[in-house]
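Me: I have some terms to sort out, and I would like each one tied to a value. Please take this one.

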Amino acid sequence: MLPTTLVSSGSQGNGVLSPRDAARHTAGAKRYKYLRRLFHFRQMDFEFALWQMLYLFTSPQRVYRNFHYRKQTKDQWARDDPAFLVLLSIWLCVSTVGFGFVLDMGFFETIKLLLWVVFIDCVGVGLLIATLMWFISNKYLVKQQNRDYDVEWGYAFDVHLNAFYPLLVILHFIQLFFINYVIISDSVVGYFVGNTLWLIAIGYYIYVTFLGYSALPFLKNTAILLYPFALLIMLYLISLACGWNFTKMLCSFYKYRVK
């Protein structure tokens, strides 16, 4: 059966949405719907969110193909289901408790660490990066400057969350098994293992971010989003040559912040 384009009953004869239907597609309306579903767990598709988390590691391109499908069916690129955000928050809580345990922090210190990781590392930095990428992509990467072709801020934040999840698992989960016995030790193996995990985590963040913006058909020159790889590898080689231990520095920073 050939694909067809349906015109909603509330649209005008030429396919343009009526003012009433257009209001339902505004950023404010989409944001209200998203936040409202945040308090209705039964309406969230956690199974699909888990599928996305799995494929962000094995095949992130498949995750972004689903964003294409959402655009075609719901006329928006950004997620309309907060299930992914809820599961990511649970991951943050569990991994941060594990981080506090490994660093031998007390109960209140672990709570402070959790608040820092959630509101600064994830949300705060995420809002900053999403806003910056939203501005840059709309200002310099859009092929045709038109109101019909723009990057949604919600989509930019979704791209950050997609890229942040693998980084979180690598640095706040996998790395935990090596911190006390390998990474923090003052040895070449220690900072090699630790810095290599940082290289993989940040490299994955850059790659998933690139996939997110290259998936938008109205953007151009998205390959420039891979350029930070060169700086990342250079910084990695310098850290090995100078004996910098990024994980040890991070642990010392977190301990200082929760005092």
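Predicted model: local features only at pLDDT ≥ 70, side-chain atom pairs only at ≥ 80, totals over all residues.

Me: Why is Asp104 called exposed?
Reply: The word exposed is used over 50% relative accessible area. Asp104 has 70% relative accessibility, so it counts as exposed. Asp104 lies in the loop between α5 (83-102) and α6. Its phi is positive, about 60°, although Asp104 is not a glycine.

Me: Why does Asn221 count as exposed?
Reply: The cut-off is again over 50%. The relative accessible area of Asn221 is 53%, and therefore Asn221 is exposed. Asn221 sits in the loop between α9 and α10 (228-242). Asn221 is not a glycine, yet has a positive phi of about 55°.

Me: How many residues does the protein chain have, and what share counts as buried?
Reply: The chain has 259 residues, and 42% of them count as buried. Buried means under 20% relative accessible area.

Me: What makes a set of residues a nonpolar core, and which residues have the most contacts inside the largest one?
Reply: Its members must be buried and joined through side-chain atoms within 4.5 Å. The largest nonpolar core has 65 residues, and those with the most contacts inside it are Tyr64, Leu88, Phe99, Tyr155, Phe164, Tyr213 and Leu219. α7 gives the most to this core, with 13 residues. In soluble globular proteins, nonpolar side chains tend to be buried together.

Me: Which residues does Tyr155 touch, leaving out those up to four places away in sequence?
Reply: Tyr155 touches Tyr64, Phe67, Trp77, Ala78, Gly212, Ala215 and Leu216. Each has heavy atoms within 4.5 Å of Tyr155, which means it is in contact.

Me: What lines the second largest pocket, by class?
Reply: The lining has 18 nonpolar, 3 polar and 1 charged residues. In total 22 residues line the second largest pocket, and Val125, Ile129, Leu167, Ile202 and Tyr205 lie nearest its centre. The elements that give two or more residues to this lining are α6 (107-141), α7 (153-172), α9 (188-214) and α11 (246-257).

Me: How much space lies in the second largest pocket?
Reply: About 680 Å³ lies there.

Definitions and conventions
Residues numbered from 1 in each chain as written. Heavy atoms only, no water. 1 Å grid on protein atoms, 1.4 Å probe; cavity = no way out; pocket = protein on both sides within 12 Å on 5 of 7 lines; lining within 4 Å. Points joined across faces, edges and corners; volume = space filled by probe spheres on them. Helix = DSSP H or I, 4+ residues; strand = E, 2+ residues; numbered from the N terminus. Nonpolar A, V, L, I, M, F, W, Y, C, P; charged D, E, K, R; others polar. Buried < 20%, exposed > 50% of the residue type's maximum accessible area, 1.4 Å probe, protein only.
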